[in-house]
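Visitor: I have a structure on screen and want to learn how to read it. Can you take me through it feature by feature?

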Amino acid sequence: QGQAPVRDPSALERSIEDLIKVLFDIHDLDRNGLLEERELVCLNECIAKLHHGQDFDTSEVRATYTALFREKLDPDGRPVAYPRFRRYAREVLDGVDDDPEAQEMILEQFV
C-alpha cells in the first residue's frame, strides 16, 4: 500500500540519457554540438547574476568554472563533444547518488 510502481530499468536509463542530452543542449549556447569553456562560464555567470543581482562580481564564478572545465572536461580548455560531457555528468551523478531514480530527479532539477 502506498508504494510507487516499479519502473522498467531500461525506461529509466533512457530517461536519464535523454535528460543528460537535454542538459548538454542547454549548455551548448551557440548550438555547434560542442560544449565550450566560455559557454560553461557564461551560463554560470548568468545564473549567479540572477541569484545575486546584475552588479555581482562574477570573477570567482569565472575562476571556479574555468577550473572545473579544465579539471573535468579538457585540460587545455578545448571544446568537448557530447560523449565527454556525458561521462562527466555520469561521474557527478554517481558521486551524488547511485540510485537511478534519484539521478533522474537530480537531472530533472537541472533542466
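Visitor: In what order do the elements run from the N terminus on?
Guide: This is a predicted model. Its elements run α-β-α-α-β-α-α, starting at the N terminus. That makes five helices and two strands.

Visitor: How many residues does the protein have, and what share counts as buried?
Guide: The protein has 111 residues, and 34% of them count as buried. The C-alpha atoms fill a box of roughly 50 × 30 × 25 Å along the principal axes. Take the contacts with a separation of 6 or more: 54% of them are between residues 24 or more positions apart.

Visitor: How do I describe a pair of packed helices?
Guide: Two packed helices are described by the angle between their axes and the distance between the axes. Here, helix 2 (residues 37-52) packs with helix 3 (residues 59-73) at about 145°, and their axes are 9 Å apart. The crossing is right-handed.

Visitor: Which residues of helix 2 and helix 3 meet?
Guide: From helix 2, the list includes Leu 40, Val 41, Asn 44, Glu 45 and Ala 48. From helix 3, it includes Val 61, Arg 62, Tyr 65 and Phe 69.

Visitor: Now the charged side chains. What should I look for?
Guide: Side chains of opposite charge can pair when their charged atoms come close. A search of the whole structure finds ten salt bridges. One of them is between Glu 45 and Arg 62, with the closest N and O atoms 2.8 Å apart. Glu 45 is in helix 2 and Arg 62 in helix 3, so this pair ties together parts 17 residues apart in sequence. Glu 45 is buried, at 14% relative accessible area, whereas Arg 62 is partly exposed at 39%.

Visitor: Which distant parts of the chain does the pair of Glu 13 and Arg 90 link?
Guide: Glu 13 and Arg 90 form a salt bridge, their closest N and O atoms being 2.1 Å apart. The pair links helix 1 (residues 9-27) to helix 4 (residues 82-96), across 77 residues. Arg 90 is buried at 13%; Glu 13 is partly exposed at 33%. Both belong to a network of salt bridges that also includes Glu 17 and Arg 86.

Visitor: Is Asp 74 buried or exposed?
Guide: Asp 74 is buried, with a relative accessible area of 8%. Its side chain meets that of Arg 78 in a salt bridge, 3.0 Å from N to O. Arg 78 is partly exposed, at 46%.

Visitor: Which residues make the nonpolar surface patch?
Guide: Val 22, Ile 26, Phe 110 and Val 111 make a patch of about 330 Å². Val 111 sits in the segment after helix 5 (100-110). Val 111 is partly exposed, at 40% relative accessible area.

How values were computed
Residues numbered from 1 in each chain as written. Predicted model: local features only at pLDDT ≥ 70, side-chain atom pairs only at ≥ 80, totals over all residues. Heavy atoms only, no water. Patch = residues over 30% accessible without salt bridge, like charges linked within 9 Å, V, L, I, M, F, W, Y side chains within 5 Å. Areas by Shrake-Rupley, 256 points an atom, 1.4 Å probe, with all protein chains shown as cover. Salt bridge = Lys/Arg side-chain N within 4 Å of Asp/Glu carboxyl O. Helix = DSSP H or I, 4+ residues; strand = E, 2+ residues; numbered from the N terminus. Buried < 20%, exposed > 50% of the residue type's maximum accessible area, 1.4 Å probe, protein only. Axes fitted to C-alpha atoms, helices over the stretch in contact; angles between N-to-C directions. Left-handed = near helix turned anticlockwise from the far one by under 90°. Contact = heavy atoms within 4.5 Å.
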